[in-house]
Amino acid sequence: RQELTDGSLVQPEPSIVNNFTIDREQTFKRFASLLHEQQLTDDVDSFIVTQLTDTYCAYVGVSEILHTGGIEARVGQKLAVSLQAELGKTLRELLGEFRLTPSTRAQATRTAAASTDDADDPIMNFMGGRPSIVNN
């Protein structure tokens with residue numbers, strides 16, 4: 001098993017600590033910036049970054065519904081907990097496109113941790129804390 005970059009303890013996602021406020025445009029810009037800084041995207045990747053943003057925003061929205069409505073909360077006819085699980089799976093697939101999941105990170109050597117200025121950034125936390133450049 002490959003060791004994590006800095007061995008730090010996993011922190012809860014914003015949806016877990018009830019930080020449901022989300023701005024789609026700002027979220028897109030943050031994802032785009034982080035992925036670009038890691039040399040994982042180019043200008044042709046706007047569609048997949050948009051998909052990632054939309055799915056993340058939907059995940060946070062469903063998390064809020066689940067938090068306020070409890071385990072029996074629904075989004076339309078679907079249980080919020082089921083929808084949250086589906087969105088989580090989709091997010092893992094999208095993050096896998098950028099080698100940002102535990103299983104895809106194992107396929108590449110990760111180096112160069114990001115700056116500590118990003119410690120309170122919910123997008124940074126969602127993407128795994130302190131992102132690193134992936135060497136192919």
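**A tour of the salt bridges**

Begin by selecting Glu-25 and Lys-29, which both lie in helix H1 and sit four residues apart, about one turn of the helix (helices, H or I, of at least four residues are DSSP runs, numbered from the N terminus). This is a predicted model, in which local features need pLDDT of at least 70 and side-chain atom pairs count only at pLDDT 80 or more, while totals for chains, interfaces and linings use all residues. Residues are numbered from 1 along each chain as its sequence is written, and side-chain values use heavy atoms, with hydrogens and water left out.

The side chains of Glu-25 and Lys-29 form a salt bridge, 3.3 Å from N to O; the term means a side-chain nitrogen of Lys or Arg within 4 Å of a carboxyl oxygen of Asp or Glu. Glu-25 is exposed at 53% relative accessible area, whereas Lys-29 is partly exposed at 45% (buried is under 20%, exposed over 50%, partly exposed in between, with a 1.4 Å probe and protein chains only).

Next select Arg-24 and Asp-54, whose closest N and O atoms are 2.9 Å apart in a salt bridge. Arg-24 belongs to helix H1 (residues 24-37) and Asp-54 to helix H2 (residues 46-69), so this pair ties together parts that are 30 residues apart in sequence. Arg-24 is partly exposed, with a relative accessible area of 45%, and Asp-54 is partly exposed at 34%.

Finally, select Lys-78 and Glu-86, whose side chains meet in a salt bridge at 2.8 Å, N to O. Lys-78 is partly exposed at 34% relative accessible area, as is Glu-86 at 40%. By this rule, the count comes to three salt bridges.

How values were computed. Helix = DSSP H or I, 4+ residues; strand = E, 2+ residues; numbered from the N terminus.
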